[in-house]
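Q: Please take a close look at a single part of the structure below. A connected account of its residues and their surroundings would be welcome.

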Amino acid sequence: MSETRSVIELHTKTNPEWAQMAIDNFDAILIDHAHCEKKAAASAMAMVSRYPEKPELVKRCIKLAQEELRHFQQVHDRIIKRGLVLNRGGRDTYVQELRKALRSDGDERLMDLLLVAALIEGRSWERLSILGEHLSDESYRNFYSGLAQAEAGHYRVFIDLAKLYCDDDAVDKRLEELAKMESEIIAKRPLEPRIH
Ligand SMILES: [Fe+2]
Ligand SMILES: [Fe+2]
């Protein structure tokens with residue numbers, strides 16, 4: 001995990017108590033995780049709808065949406081296997097807080113949408129990695145380690161797209177600002193059985 005951490009811009013590590021809480025409430029984590037994957041697929045397609053004239057973005061977001069949908073399917077299969085049922089899900093206040101930082105115009109909006117998406121993927125990588133290390137069931141550990149690596153790749157996709165369409169230095173500077181904000185949001189969150 002540490003090797004990947006060095007390339008993912010996260011300013012705060014998850015509270016160490018989160019791991020045990022997540023293991024103790026794993027059914028709730030699984031349900032929340034399913035919602036995260038479903039929303040990630042929808043967000044990728046929302047980017048396609050917003051920026052249809054950018055072919056590289058469209059290509060990469062279609063692939064991303066397919067991968068996230070596949071993750072959703074895999075998590076949903078496990079929900080069914082455990083005799084659980086997916087609920088409607090609640091508000092995602094972590095994402096809502098992050099989105100408050102989005103600037104409203106043109107390239108700034110595009111840059112912020114891509115960087116906020118990258119940070120959500122980065123935090124997902126961290127949390128799924130923790131599950132991949134600490135869950136007692138080996139098949140679940142492997143499942144989560146694999147998903148974590150995919151999320152690390154998604155982080156990279158969003159950073160690369162930001163640098164394709166916006167100035168490199170401006171992206172680095174803004175990523176630093178948004179990562180600082182993300183770390184403040186995550187540090188303030190209550191300890192709950194949620195991915196974020
Ligand atoms: Fe995913
Ligand atoms: Fe992802």
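A: Glu121 is buried, at 7% relative accessibility (buried: under 20% relative accessible area, 1.4 Å probe, protein chains only). The model is predicted, local features need pLDDT of at least 70 and side-chain atom pairs pLDDT 80 or more, while totals for chains, interfaces and linings use all residues. Residues are numbered from 1 along each chain, chains are lettered from A and ligands numbered from 1 as written, and side-chain values use heavy atoms, without hydrogens or water.

Glu68 is likewise buried, with a relative accessible area of 1%. Because Glu68 belongs to helix α4 (residues 55–81) and Glu121 to helix α6 (residues 106–134), the pair ties together parts 53 residues apart in sequence (helices: DSSP runs, H or I, of at least four residues).

Helix α4 also packs against helix α7 (residues 138–165) at about 165°, with axes 11 Å apart (axes: lines fitted to C-alpha atoms over the stretch in contact; angles: 0 to 180 degrees between N-to-C directions). The two helices are therefore roughly antiparallel (over 145 degrees). Their contact includes Glu68 and His71 of α4 and Glu151 and His154 of α7 (contact: heavy atoms within 4.5 Å).

How values were computed
Buried means under 20% relative accessible area, exposed over 50%, partly exposed in between (1.4 Å probe, protein chains only). Angles under 35 degrees count as roughly parallel, over 145 as roughly antiparallel, 65 to 115 as roughly perpendicular and the rest as oblique.
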